[in-house]
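Trainee: Could you take me through the aromatic rings here, with a close look at one part?

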Amino acid sequence: MEIGVQTTVPTEKSDVFVATKTPTTFSLDSIINFARGDPMLYEPYWKNKADRCKMVILGDELMSYFSNALNLCWFLMPELDHAIRKLHRVAGNAETDDRFIIVGNGSTQTFQALLYALSSPGQPEPISVVAATPFYSSYPEETEFLQSGLYKWAGDANCFDKDGAYVEVVTSPNNPDGSIRATVVNREGGNSIHDLAYYWPQYTPITHKADHDVMLFTFSKATGHAGSRIGWAIIKDKAIAAKMVKFVEVSSIGVSKEAQFRAATILGVISEDCQNLGLEEENFFEYGRRMMSDRWKKLREVVMKSNGAFVLPEYPRDYCKFTGKCTDSNPAFAWLRCKEGLNCEKLLRDECRLITRGGTSFGVEETYSRVSMLCSDAEFYFMLERLSTIKN
C-alpha cells in the first residue's frame, strides 16, 4: 500500500523559477520523520486563499537595505509592523501598545538576539541561561552554538541556585508537553524571555493578553509559513530593543523584505477574516482549532486502545476570550510516555518506523518522546495506523 504525498520543489523553466507539485510516495515500510515541527497541516487552508495571498514584486521594488530609517528597527517594514500589531489585537493574545516590534530571520535569530541584548559585555563570567524541564530541545544548542563569552546554557531552571544575573526562558504553551508555564527562578538580577510561539487560538485557550517585558513569536507556528523565516519580539525596554537591532544588523544586515511583505500580506488576510467573515465561514484560527481538535481526538482514541502502552497528558478546558467559549488545548506536539523502563523514541522507531524526538533531548527521561501534530494528513494517518499496532 502506498500513500501519496505532494511536495513543492523549485523547478527551472526558462529564466523563471516556478513552484510545481512533484508527487512522491511512501510505503507502510517507510520511516517517516515526526521529530520536526514542519507545519504542513495548514497547507490546504492556504491553497484556498491562494489568490488573496498572491504578491507581485517588480524589479525595482524593495531594493534598499532600509525599510524605515526613522524607526528603531530600521529594517522592519511598516506594513509588517502594522500587521503584527493588528493580529495581536484581533487574537487578544499579547499587548503591543507602546512596545517595540523587532523582526528577525525566524525565531532562532530573534532568540539569539535576545540573549545578546540581555547580557552585558565585561561581566566576570557568562550569564546563565535556564529553562524548566521539559524544555525546548533546541535551547541548549542555540545558546551554545556561537560559543559566546556573554552567556552559557545552565540547564534546568528548577535546579538553578546560582547567585547573580540569569536569563530564564519560559515557553508557554510549552514545547514539548503543551503545559502553561510561568517563571520558576524569580530572583533579583534575572530576566525572562517568554516564548509564546504557540499562544494562538488553534493551540490553546486565549485566557489573557500577555504583557511581559520580552515576548517572542514566530510566523511559522502562527500561520504555518515556516519557509519565510520570520520571527518577531515584542519589547518594552528601548535599550534591549536597540541591542537586538544591532545583533540582527551585524549578523544579517536586516531581514528579507520579500519575506516581510509575504508575512504582512498573510497576517493581514487572517485579521480581515477574523473581523469580517460570517458565521457560516471559518477564519484561519477556527480552521486550525478544528483540525487540531480532530487530530487530538483521533490520537487519544488510538492511545486509549493501547492498554497503557502509551500515555498522553491531560489538559484542562478554559474560557477562551477569542472564541468566547470554553475550549480545549490542542498542542502542536504530542508528548507520549511509554511504560517505565522503555525508551519511547527507540520503540517508535523500531516498532512503528516513526522518527520522533526522545525525552533526553528535553532534559527528562527516555520514557518520553515528542511527536509532531503539524504534519500532512497522509503522514498523520500513517502515524495513527502504526501506533495502533502497539499494545501493552
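Which ring does the charged end of Arg295 sit over, and how far from its centre?

Mentor: Happy to. This is a predicted model, where local features need pLDDT of at least 70, side-chain atom pairs count only at pLDDT 80 or more, and totals for chains, interfaces and linings use all residues. Side-chain values use heavy atoms, with hydrogens and water left out, and residues are numbered from 1 along each chain as its sequence is written.

The charged end of Arg295 sits over the ring of Phe380, 4.7 Å from the ring centre; the term asks for NZ of Lys or CZ of Arg within 6 Å of the ring centre and within 35 degrees of the ring normal. Likewise, Lys243 lies over the face of Tyr116, at 5.2 Å from the ring centre.

Now for rings with rings. The structure holds 23 aromatic pairs, meaning Phe, Tyr or Trp rings (for Trp, the six-membered one) with centres within 6.5 Å; planes under 30 degrees apart are stacked, over 60 edge-to-face, and the rest tilted. Phe135 and Trp153 are edge-to-face because their centres are 5.1 Å apart and their planes lie at 75°. Phe135 is in the loop between strand 5 (127-131) and helix 4 (138-144) and Trp153 in strand 6 (residues 151-156), so this pair ties together parts 18 residues apart in sequence. Helices (H or I, at least four residues) and strands (E, at least two) are DSSP runs, numbered from the N terminus. Both Phe135 and Trp153 are buried, that is, under 20% relative accessible area, against over 50% for exposed and in between for partly exposed (1.4 Å probe, protein chains only).
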